[in-house]
Amino acid sequence: MKIIRNSLLLLTAGAVAGCAHVDPNPAFQELANTVRLRTGKRVQWNRGSAEDAEAQAAVASLLSRPLTAGSAVQVALLNNHRLQASYEELGIAQADLVEAGLLRNPIFTFERRLPGQALEADLLKEFIDILLLPLRKRIAQAQFEAAKLRVGHEILSVAAEVRAAFYEHQGDQQLVDLRKSVADATERAAETALKMNEAGNLRDLDLASEQASHAQAKIELAKAQSEAVQTREKLNKLMGAFGTQTNWTVALRLPELLGGEVSTSQLESRAIQQRLDLAAARQQFIAEARGRGIARAEAILQGAEIGAHYEHEIEGSVHSIGPSVNVPIPIFNQGQPASARAGAKMRQAEQRYLALAAEQRYLALAARDKMLLSRRQVEYFKSTALPTRTRVTEESQLEYNAMQIGPFQLLQAKQEEVKTGAESVEALRDYWVARAELEKAVGGSLSGKFISLQSESKEATH
């Protein structure tokens with residue numbers, strides 16, 4: 001009877017544990033805190049609450065004003081539907097975690113035999129389920145942490161991609177304006193050349209050269225316009241904008257270089273400690289390692305049951321009750337395949353973690369080098385190339401005023417100055433894009449302080 005009572009106590013405990021509540025909101029708030037610390041922006045999980053309407057109103061307000069890189073990021077974090085879909089991973093992972101802490105439902109069997117009307121009943125519970133419940137909860141906890149970190153990584157990646165796409169489009173739009181000024185200048189030169197040719201003051205070869213320059217300028221303008229359209233649509237996609245939401249504008253000029261660059265001496269260690277996808281890979285390795293510890297026991301004891309058996313014989317009104325145990329005999333399958341499979345999964349997770357760590361190092365260094373190179377190019381344009389071209393234009397204007405050169409030489413000088421200006425804009429655009437890529441590589445804003453995962457957890461509790 002003591003065994004029966006213990007079995008019933010276990011089943012009762014399982015019934016009480018079944019009254020579990022699945023609430024992913026605390027995990028999302030922790031992620032929201034991480035995003036706020038690293039980007040300065042907020043996120044909103046649309047689940048039919050009053051805050052959802054507030055978020056959409058904030059999106060409309062941001063889109064009604066000229067976008068900045070920061071406001072574009074905020075729009076995406078509130079409006080990107082792929083991000084909203086990824087937030088649901090938290091709900092799925094939380095449900096898996098809660099389910100891992102629940103005992104499986106017991107099995108009740110009832111049998112009545114005729115004509116003697118004998119009766120048998122069994123109440124059984126899988127023994128392995130009771131034995132391994134704490135270990136399964138630890139595995140599910142690591143898998144839940146991995147899922148949470150993967151969602152956080154996706155949020156930060158989208159933020160960095162939006163920032164890069166914004167600078168791409170802003171730079172392309174500025175290039176359209178410059179290409180248009182070149183096309184206008186070449187058009188005026190071609191018209192002047194045509195009049196001079198008709199008056200017999202210009203050779204056919206010179207006329208053809210001016211017309212060819214105008215045609216080339218129109219081609220470059222069309223190419224710039226096409227690239228601006230493509231980068232605008234790319235930004236629309238990342239922000240989740242559609243319909244009237246796509247009628248936004250941006251400031252006409254890229255921001256200038258920052259006065260001082262951030263230190264790049266510890267980018268590798270910063271990336272290793274801050275990247276959430278790397279932390280997620282580590283948690284996945286922990287989950288696989290814990291799973292390996294119970295894999296063989298699960299395989300051998302699968303189907304083992306403990307419970308109570310009741311039997312009633314009509315003849316003589318005999319009643320009997322006692323414990324019931326069903327245990328598989330490991331003759332054919334002794335758990336080696338399950339153990340080998342779990343070991344392979346653990347080693348696979350370990351190698352993926354190490355490969356990702358090496359990849360993060362490469363991405364951080366490559367993005368750093370690209371940013372610093374683009375910065376040097378912008379500085380050279382500003383200090384040397386542009387002033388030199390401006391001086392050539394000014395000297396050409398003086399000589400034209402003195403009737404020492406013709407109008408075409410002056411227009412050529414101005415075209416070359418605008419061309420150099422366009423190249424400097426390209427370099428500045430590449431700098432800001434590279435800076436956004438570096439932020440993605442290190443897992444957070446470069447201008448903010450270094451924040452490890454441990455620091456974020458401490459701050460979230462205050």
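Select Arg-435 and Glu-439 to begin the tour: their side chains form a salt bridge, with the closest N and O atoms 3.8 Å apart. The term salt bridge denotes a side-chain nitrogen of Lys or Arg within 4 Å of a carboxyl oxygen of Asp or Glu. Both residues lie in helix 12, four residues apart, about one turn of the helix. Helices (H or I, at least four residues) and strands (E, at least two) are DSSP runs, numbered from the N terminus. Arg-435 and Glu-439 are both buried. Buried means under 20% relative accessible area, exposed means over 50%, and partly exposed lies in between (1.4 Å probe, protein chains only).

The model on the screen is predicted: local features need pLDDT of at least 70 and side-chain atom pairs count only at pLDDT 80 or more, whereas totals for chains, interfaces and linings use all residues. Residues are numbered from 1 along each chain as its sequence is written, and side-chain values use heavy atoms, with hydrogens and water left out.

**Further salt bridges**

Next, select Lys-148 and Glu-145, whose side chains meet in a salt bridge (3.1 Å, N to O). The two residues are three apart in helix 7 (residues 133-198), and they are therefore separated by about one helical turn. Is Lys-148 buried or exposed? Lys-148 has a relative accessible area of 5% and counts as buried, while Glu-145, at 21%, is partly exposed.

Now move to Arg-203 and Asp-206, where the side chains meet in a salt bridge of 3.1 Å, N to O. Arg-203 is exposed, at 54% relative accessible area, whereas Asp-206 is partly exposed, at 26%. By the rule given above, the count comes to 17 salt bridges.

**Along helix 12**

Return to helix 12 and select Gln-415, which is found there. Gln-415 is buried, with a relative accessible area of 12%. Which residues does Gln-415 contact, leaving aside its neighbours within four places in sequence? The partners are Ala-185 and Thr-186, where contact means heavy atoms within 4.5 Å.

**The nonpolar core**

Select Val-43, Leu-77, Tyr-87, Ile-155, Val-162, Phe-166 and Met-239 together; these residues have the most contacts inside the largest nonpolar core, which has 58 residues. A nonpolar core is a set of buried Ala, Val, Leu, Ile, Met, Phe, Trp, Tyr and Cys residues joined through side-chain atoms within 4.5 Å. Helix 12 (residues 407-442) supplies the largest share of this core, 12 residues. In soluble globular proteins, nonpolar side chains tend to be buried together.

Keep Tyr-87 selected and display its surroundings. Not counting residues up to four places away in sequence, Tyr-87 touches Phe-28, Val-43, Gln-44, Trp-45, Leu-77, Val-151 and Ile-155.

**Aromatic pairs**

How many aromatic pairs does a search of the whole structure find? The search finds six. Rings of Phe, Tyr and Trp (its six-membered ring) pair if their centres lie within 6.5 Å; planes under 30 degrees apart count as stacked, over 60 as edge-to-face and the rest as tilted. One of these pairs is Phe-28 with Tyr-87, which is edge-to-face, at 5.1 Å centre to centre and 65 degrees between the planes. Phe-28 lies in helix 2 (residues 25-39) and Tyr-87 in helix 5 (residues 81-100), so the pair ties together parts that are 59 residues apart in sequence. Both Phe-28 and Tyr-87 are buried.

Then select Phe-166 and Tyr-167: their ring centres are 5.7 Å apart and their planes stand at 70 degrees, so this pair is edge-to-face. Phe-166 and Tyr-167 are both buried.

**A patch on the surface**

Turn to the surface and select Ile-329, Ile-331 and Phe-332, which form a nonpolar patch with about 440 Å² of accessible area together. Patches are made of residues with over 30% relative accessible area and no salt bridge: like charges are joined within 9 Å, nonpolar side chains (Val, Leu, Ile, Met, Phe, Trp, Tyr) within 5 Å. Accessible areas come from the Shrake-Rupley method with a 1.4 Å probe; for residues, only the protein chains shown count as cover. Ile-329 is found in the loop between strand 4 (318-326) and helix 11 (336-401), and Ile-329 is exposed, at 66% relative accessible area.

**The whole chain**

Finally, display the entire protein chain, which has 13 helices and four strands. Of its 462 residues, 42% count as buried.
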